[in-house]
Amino acid sequence: MNRPVEALPHALQPYWDLSLAAVQAEALQLALAEDLFETLASPCTPEALAQMHAWQPEATRHWLTLLWSMQLLDRSRDAASEWHYASSEVARRYLTSSSALDCGDAWRFRLASLRDFGAGLANGLRGEKRPAPLANGERWAVAARGHLAREQAAVTAPAACELVAYRRATESAWRLLDLGGGPGLVAVALAKAFPYMHGVVFELPEAADVAAQHIAEAGLASRLEARGGDLVRDDIGTGYDLIWCSSVLHFVPELSACLAKLHAALKPGGELICVHAEIPEEPEAARRMLSYYLPLLWQGRRVTQAGELRQALLAQGFEVCEAQPIALPMAPATALVARRRTK
Ligand SMILES: C[S@@+](CC[C@H](N)C(=O)[O-])C[C@H]1O[C@@H](n2cnc3c(N)ncnc32)[C@H](O)[C@@H]1O
């Protein structure tokens, strides 16, 4: 009689995976610190690599094999049956210092800040508040100069261009508001893709300065303006054909008042592309979202439940024409396209 096959993987496997991820994160961190993906732009054997850096050859071989299993390296055998390792497509694109889309430092920043938050969970539960090292505007300006800029260039801006390409003709003139646009690279990418578009990046004043710098560097100052202000209290302008608003509504105290302001800022027929992560109903999908958004939730910020934003848009008189999954840095989100009715 055959032995009954036990259920695989074991029910504890997801939790073992958490501890295993610690080693994978360190392996990647070390690869970034050593600029490994730049070196392995051309294939190399572990022995040659170890010799180049005075590393231990066996340890190097096993580390490379782990990175291969994480799909950060490709490998192939030569005629002598020796493995040669080279950076994978994703590592070349996003984790190589010479790539325009490099997110290596941004990834390291995310790892460090999530570890730091995780280490403070017990204190947070007891209600201990950690003093913010910088004032709000300055904190966002630091983010805009650092990881937000890298992630916008690599992830958010290409996703925005792809989405907007379905909604605007390249040769038409239109007016954009990139609300809470951080470093402004979404607006910059849209302006490059749509030569007749002009518009505004609205941001807290300190971050608006960073966006202004990016706009100037891109030679787009005649078409894009970085306007500093508080979107809750200040005038955000009117007559927009399209408002791009991603990962911003978490920070406004009153959702309905903010959506009413966005509705009024659009031309009749104009569209709000509202891109935010919401907490899904299913635990598997909710897990990633909650791990990322727990710090925000603990600060008392808003992360809506799946479907809540749509309801809030409908309540303000928007017509919700489309809901599309979209890749945002760290966790996927939903892009809701909400139109101001023509009458
Ligand atoms: C998570 S970032 C998102 C940046 C950008 N939209 C993106 O998706 O990459 C949130 C942005 O909202 C801006 N923000 C938050 N509260 C704001 C307010 N009251 N007025 C203007 N901007 C604000 C922050 O400065 C920050 O750049």
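Guide: Angles between helix axes run from 0 to 180 degrees, taken between N-to-C directions. Keep that in mind for this predicted model.

Visitor: How do I read a pair of packed helices, and what are the crossing angle and axis distance for α8 and α11?

Guide: Two packed helices are described by the angle between their axes and the distance between the axes. Here, helix α8 covers residues 136–145 and helix α11 covers residues 205–217. Their axes come within 7 Å and cross at roughly 25°. Angles under 35 degrees count as roughly parallel, so α8 is roughly parallel to α11.

Visitor: Which residues of α8 and α11 meet?

Guide: From α8 come Gly-137, Glu-138, Trp-140, Ala-141, Ala-144 and Arg-145. From α11 come Pro-205, Glu-206, Ala-207, Asp-209, Val-210 and Ala-211. The residues of this contact divide into seven nonpolar, one polar and four charged.

Visitor: Now the core. How many residues does the largest nonpolar core have?

Guide: In soluble globular proteins, nonpolar side chains tend to be buried together. The largest nonpolar core in this model has 63 residues. Leu-190, Ile-243 and Cys-245 have the most contacts inside it. Helix α10, residues 185–193, gives the largest share of this core, seven residues.

Visitor: Which residues does Leu-190 contact, leaving aside neighbours within four places in sequence?

Guide: Leu-190 is then in contact with Ala-160, Cys-161, Val-164, Leu-176 and Met-197. Another core, of 18 residues, lies apart from the largest one. Its members include Phe-37, Ala-91, Tyr-94 and Leu-95.

Visitor: What about backbone geometry? Which peptide bond is cis?

Guide: Most residues other than glycine have a negative phi, and most peptide bonds are trans. Here the bond from Leu-8 to Pro-9 is cis, with omega near -10°. Pro-9 sits in the segment before α1 (13–33).

Visitor: Where is Gln-71, with its positive phi?

Guide: Gln-71 lies in the loop between α4 (57–69) and β1 (73–77). Its phi is near 65°. Ser-81 also has a positive phi, near 70°. Ser-81 lies in the loop between β1 and β2 (83–87).

Terms used: Residues numbered from 1 in each chain as written. Predicted model: local features only at pLDDT ≥ 70, side-chain atom pairs only at ≥ 80, totals over all residues. Helix = DSSP H or I, 4+ residues; strand = E, 2+ residues; numbered from the N terminus. Parallel < 35°, antiparallel > 145°, perpendicular 65-115°, else oblique. Contact = placed C-beta atoms within 7 Å. Nonpolar A, V, L, I, M, F, W, Y, C, P; charged D, E, K, R; others polar. Core = buried A, V, L, I, M, F, W, Y, C linked by C-beta atoms within 7 Å. Buried ≥ 20, exposed ≤ 12 C-beta atoms within 10 Å, placed from the backbone.
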